[in-house]
Amino acid sequence: MTEQALRPHAEDAFAEELKALAAADDRPRPARWNMSPWAVATYLLGGALPDGTVITPKYVGPRRIVEVAVTTLATDRALLLLGVPGTAKTWVSEHLAAAISGDSTLLVQGTAGTPEEAIRYGWNYAQLLAHGPSRDALVPGPVLRAMAGGGIARVEELTRVPADVQDSLITILSEKTLPIPELGEEVMAVRGFNLIATANDRDRGVNELSSALRRRFNTVVLPLPSSVEDEVDIVARRVEQLGRALDLPPVPHGADEIRRVVTVFRELRDGITADGRIKVKSPSGTLSTAEAISVVTGGLALAAHFGDGRLRAADVAAGILGAVVRDPAADRVVWREYLESVVRERSGWKDFYRACREVGA
Amino acid sequence: MSTGTLPGPPRGSVAGDDAERLWLLGVRHHGPGSARAVRAALDSRRPDVVLIEGPPEADAVVGLAADPELRPPVALLAHAVGDPARAAFWPFARFSPEWVAIRWATDHGVPVRFIDLPAANSLALHAERDARQELAEADPAEADAEPAEADADPAGESVPPEEGAQRDTPEGGTPEAGAEFGVPEDGTPDIVPRTDGTPEDGTPEDGAPEAGAPEAGAPCAHTPQDAEDSAAVRVDPLAVLARAAGYDDPERWWEDAVEHRGREGDDPLAPFTALASAMEALRERYGDGGHRDDAIREAHMRLRLREAVKEFGRVAVVCGAWHVPALRADATVTADRRLLRGLPKVRAELTWVPWTHRRLARRSGYGAGIDSPGWYDHLFSAPDRVVPRWMTAVAGLLRAQDHPVSSAHVIEAVRLAETLAALRGRPLAGLGEAHDAVRAVMCDGSDVLPALIHDRLVVGEDLGTVPDSAPAVPLARDLVRTQRTLRLKPEAADRQLDLDLRSDNDAARSRLLHRLGLLGVEWGRPGEARQGTGTFRESWQLCWEPELSVRVAEAGVWGTTVESAATARARDAAETAAGLDGVTAIAERCLLADLPGALPTVMRVLADRAALDTDVSRLAGALPALVRSVRYGDVRGTDAGALREVAEGLATRICVGLPPACAGLGEDGAREMRGHLDGVHAAVALLAGAHEPLRGRWAGVLRSLAGRDATTPGLIRGRAARLLLDDARLETAEAARLMGLALSPGTAPREAAAWVEGFLSGGGMLLVHDERLLALVDGWLTGVPEEAFTDVLPLIRRTFAEFDSGVRRTVGELVRRGPSTAGGTVGGGGGEPGAAGFGAGLDPGRADAVLPTLRLLLGLPGAARDLEGDRA
């Protein structure tokens with residue numbers, strides 16, 4: 001089945017690595033964990049095992065962050081991964097679940113319409129009508145299943161879930177039980193159960209977590225890539241994969257433009273130029289790595305279909321403009337200022353400056 | 001280990017390793033673990049005298065340590081008499097082993113002796129070193145291995161070389177001033193031998209980015225590069241040990257190996273023995289490890305040690321662990337004496353000054369090299385349960401900031417920290433684990449609160465105190481000295497002082513007064529005469545009020561000389577200034593006070609503020625003052641290059657931001673913006689001399705404003721058109737077209753009147769000379785409907801009231817005469833048609849009459865002849 005899948009689950013895609021790690025791991029494991037916290041961290045960050053197996057890095061970022069995340073799950077506190085869009089929150093949560101309990105599918109996708117049933121349990125109404133409330137008529141949700149099986153449940157985009165539904169997690173996280181009043185029973189979480197939630201901290205205000213719920217979480221903020229090199233690397237690799245998926249003809253010599261896009265994004269995001277000499281204003285958009293990837297992909301499509309097959313400044317200029325100028329009034333000034341005070345003066349960026357002026361800054 | 005016995009035989013080690021007579025307690029400076037161990041060792045061995053690595057001059061003031069008013073963090077400040085700029089500091093925190101030893105001694109009535117090289121020698125040597133730069137560059141024996149140390153310190157570079165002692169040193173190794181208390185063994189030296197006392201804690205952030213800025217006025221003797229170069233050569237013993245233990249971070253190794261251990265005490269001397277043998281191995285391998293000054297310092301220590309052993313018998317020495325092997329080494333008294341012979345000397349004075357945790361921290365650029373004095377203090381003072389106590393303190397701080405933190409948070413944070421330590425394989429949760437746990441549990445992963453915690457707890461805000469009986473601060477002495485050389489006596493009587501800045505003495509006086517002004521010592525107030533006269537004259541009202549002496553004492557925290565203190569104060573003021581204009585004002589004052597050392601910081605703050613300020617009118621408000629500073633800097637000959645760069649950057653930002661900011665303004669807003677438009681226009685003209693593209697860009701802005709539709713207020717559009725016209729960047733015909741558009745019937749009369757006001761204000765000669773424009777105004781005014789006329793009248797009146805009466809009359813006459821025929825005439829009519837508004841053709845007779853005078857004014861040849869011819 002996995003062969004046909006467009007995107008296999010983490011535990012399937014990296015089954016070999018997980019097996020090798022579990023085999024090599026002799027450190028103490030928390031109850032029902034497939035491996036020790038140390039091995040989980042190694043699985044995410046990559047490394048080499050004594051038997052020669054190479055573990056590919058799943059997450060490129062500070063070790064500290066992964067350690068805190070894994071440790072949190074080991075202390076039976078729930079984990080909240082925060083970050084701007086495109087910082088691999090979901091990716092990290094999936095791999096954590098896959099490494100710890102070998103199952104990353106106990107997933108609740110949070111939306112504005114997520115009902116309480118999606119988190120706790122629903123009913124098989126045919127059964128319910130025919131036989132009345134019973135365990136057989138109960139349809140357990142992913143969280144309930146994780147509790148019963150001692151696994152890791154995941155909630156995506158927790159801040160999009162309506163507040164009353166969010167709060168149904170409080171009992172689960174503090175009492176580690178889920179009462180089923182209709183049956184007069186409760187489901188008690190088995191050791192090993194825990195929960196990973198992700199949330200976008202750009203639109204925190206959508207449904208801010210109540211402080212009662214927040215208190216149950218340890219929060220880990222996933223940062224944007226710390227160095228230009230890391231980010232260029234991530235963008236280049238993703239762009240290549242995407243380009244192949246979209247059947248774009250390969251475009252050589254794209255590295256320079258990628259570096260340029262990444263530099264522009266980083267400088268605007270950080271509010272300071274890469275050499276640390278000039279401060280610039282930051283626009284309202286997020287300018288995450290994910291957006292840099294889409295700008296470059298768009299530019300590649302332009303270059304491949306309408307250009308001469310080489311990625312040029314003009315191909316990415318329009319994409320950058322669109323990514324930066326989200327608020328037509330304020331962001332336009334920010335962008336113009338950046339163009340005039342930074343791009344204009346930078347040697348070797350003449351073509352880029354001209355291209356940006358052309359697309360109408 | 002040594003063989004001989006003390007101290008008699010001329011040959012043999014200083015330290016007969018007599019376990020009952022001499023204890024060498026090698027420590028890591030400012031290490032709480034070391035401090036605790038020192039206390040335990042002293043308690044158990046009870047020596048008759050305590051020797052401490054530090055300048056012997058401090059013996060005289062060490063008695064003050066018994067005074068409850070002397071509360072750490074404090075520092076010993078040594079400065080050269082007559083040259084307070086040459087100073088060195090030895091900071092002590094509550095958790096410093098040296099401080100613990102001093103307190104133990106004073107509490108037990110045991111004498112304390114300092115045994116390091118006297119400050120008199122080290123200050124002189126340091127100055128000499130600075131004077132001989134080539135030596136400094138070749139000689140890696142800079143006191144401390146840290147780039148963040150003295151030499152990388154922005155203000156620490158500046159001993160005027162010519163003031164250095166000129167005698168030769170016995171050999172290459174010239175000890176560094178106050179060289180390290182901060183011994184190399186921890187890689188994070190503590191003492192900051194500074195040659196210039198500018199305590200920086202007021203501006204903790206500016207150390208790092210600033211490093212390398214040469215101190216005001218004084219020739220920069222070392223550059224940070226020197227320090228880095230030499231740091232590269234020198235051995236960091238702690239790093240070597242840490243590497244051997246498989247750690248990549250020396251600090252962390254030290255924490256794990258020493259600070260977090262040693263609570264269980266069987267033999268209080270055991271940690272010292274272990275550390276000493278490690279150091280011994282290192283010194284065997286690396287010799288002096290590149291610390292060439294150490295030979296002299298250690299010779300001196302050995303001599304003092306011998307004396308003490310002879311005098312007292314049972315001796316404990318608290319010194320950097322690095323020195324322990326050297327103190328044990330075989331060395332003859334004569335050899336040591338020979339090393340010390342002929343050292344240069346200055347008269348040095350010592351006093352206690354209050355210190356802060358912030359200054360101890362490495363990031364202040366002036367630190368003892370410890371990142372986390374607050375944490376160390378906690379480690380030292382917490383009797384047990386270090387992490388839970390720490391978390392409770394963090395929770396207390398957060399609660400005080402109205403951030404809800406419950407006991408449950410504290411519990412979870414402690415659990416997380418301890419589990420993290422286990423995951424990372426550390427024996428005990430350290431600051432790193434505590435920090436990560438606090439961030440994840442208490443701070444929702446944000447960076448804001450951890451920054452606060454770092455500031456308040458990890459570094460801490462402890463401020464030491466010093467009793468009044470401590471000797472006076474050097475700043476006051478420097479002021480007295482400067483007053484004497486400038487022949488400017490402090491007098492209580494009010495008097496006026498006129499200065500001609502072209503004379504050196506007067507210029508120096510002006511600088512002194514401006515600097516004192518920056519320090520809040522308002523001795524002189526700028527007088528009245530200053531405005532009208534040229535830029536080379538200044539007038540001051542001088543009056544020395546008694547309370548100014550108090551102000552000087554207060555300003556002592558900023559530095560040891562007026563210049564360094566004013567520099568530090570200006571930097572701090574810039575960092576904390578409220579608005580952009582505040583920073584520009586400080587920039588102006590820095591130029592007046594000639595504080596180039598402060599300028600880089602001020603400029604950086606200015607550029608940052610300007611970049612982040614979204615309010616164009618604030619930017620526009622700041623530009624004129626800045627450009628004035630640029631010009632004034634030029635006049636004074638100070639280097640205003642950086643200032644110019646910032647001003648041009650500011651102008652660029654204004655060019656970008658101004659057009660959108662002009663849209664949709666109300667009447668008051670438009671009026672304010674018009675003022676900015678004029679101000680920026682003048683500033684750009686002044687600035688653009690060397691920067692033609694800027695002028696072009698500004699003209700582009702004006703042109704786009706002038707050509708806007710009615711969303712931009714008429715006042716602005718009219719003004720923009722006028723400014724362009726005055727600069728000859730707009731054809732008169734085009735101006736007429738714009739006016740025609742603005743005054744066409746479709747425009748609301750009020751709006752049109754505002755346009756006219758913008759266009760005409762500041763001079764109506766235009767109307768006199770260009771009848772076409774006059775005709776347009778006239779035609780529009782007569783066409784204004786009656787009901788709108790009363791609305792428009794005040795605006796028109798205001799506009800015309802500004803004109804000279806002559807212009808007003810001429811305009812009136814022209815209007816009364818009515819529109820002239822054939823393009824209008826002012827002068828007599830000739831054959832050919834003239835420019836619009838002017839008479840046809842030239843009147844050669846009248847033109848010639850002007851030429852001779854013009855020639856004379858321009859200094860062209862033949863001027864005199866012309867004039868004579870004229871007379872003839």
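Reader: What makes strand 3 and strand 10 of chain A a pair of strands?

Author: In this predicted model, strand 3 (residues 78-83) of chain A is joined to strand 10 of chain A by five bridges, and the two run parallel. Since a pair requires at least two bridges, these two strands of chain A, with five, count as paired. Within this pairing, Leu79(A) has Ile196(A) of strand 10 as its bridge partner.

Reader: In which sense do strand 7 and strand 10 of chain A pair, and over how many bridges?

Author: Strand 7 (residues 152-156) of chain A pairs with strand 10 in the parallel sense, over four bridges, and Val155(A) stands opposite Ala197(A) of strand 10.

Reader: Why is strand 10 of chain A called largely enclosed by the rest of the structure?

Author: A residue is taken as buried when 20 or more other C-beta atoms lie within 10 Å of its own; six of the seven residues of strand 10 (residues 194-200) of chain A are buried, and therefore the strand is described as largely enclosed.

Reader: Turning to chain B, what makes strand 8 and strand 9 stand at the edges of their sheet?

Author: The open sheet has three strands in the order 8-10-9, with antiparallel pairing. Strand 8 (495-500) and strand 9 (524-526) of chain B each have a single partner strand, so one side of each has no neighbour in the sheet. From one strand to the next, the twist averages 35 degrees.

Reader: How many bridges join strand 9 to strand 10 of chain B?

Author: Three bridges join strand 9 to strand 10 (residues 537-542) of chain B, the two running antiparallel, which meets the requirement of at least two bridges for a pair. Gly524(B) stands opposite Leu542(B) of strand 10. Helix 20 (residues 504-518) of chain B packs on this sheet and touches strand 8, strand 9 and strand 10, its direction making about 125 degrees with that of strand 8.

Reader: Why is helix 15 of chain B called roughly perpendicular to helix 18 of chain B?

Author: The axes of helix 15 (residues 386-400) and helix 18 (residues 448-460) of chain B come within 11 Å and cross at roughly 110 degrees. Angles of 65 to 115 degrees count as roughly perpendicular, and therefore helix 15 of chain B is given that description relative to helix 18 of chain B. The contact is made by Ala393(B), Val394(B), Leu397(B) and Leu398(B) of helix 15 with Leu449(B), Ile453(B), Arg456(B) and Leu457(B) of helix 18; by class, this contact has seven nonpolar, no polar and one charged residues.

Definitions and conventions: Residues numbered from 1 in each chain as written. Chains lettered and ligands numbered in written order. Predicted model: local features only at pLDDT ≥ 70, side-chain atom pairs only at ≥ 80, totals over all residues. Axes fitted to C-alpha atoms, helices over the stretch in contact; angles between N-to-C directions. Contact = placed C-beta atoms within 7 Å. Parallel < 35°, antiparallel > 145°, perpendicular 65-115°, else oblique. Nonpolar A, V, L, I, M, F, W, Y, C, P; charged D, E, K, R; others polar. Buried ≥ 20, exposed ≤ 12 C-beta atoms within 10 Å, placed from the backbone.
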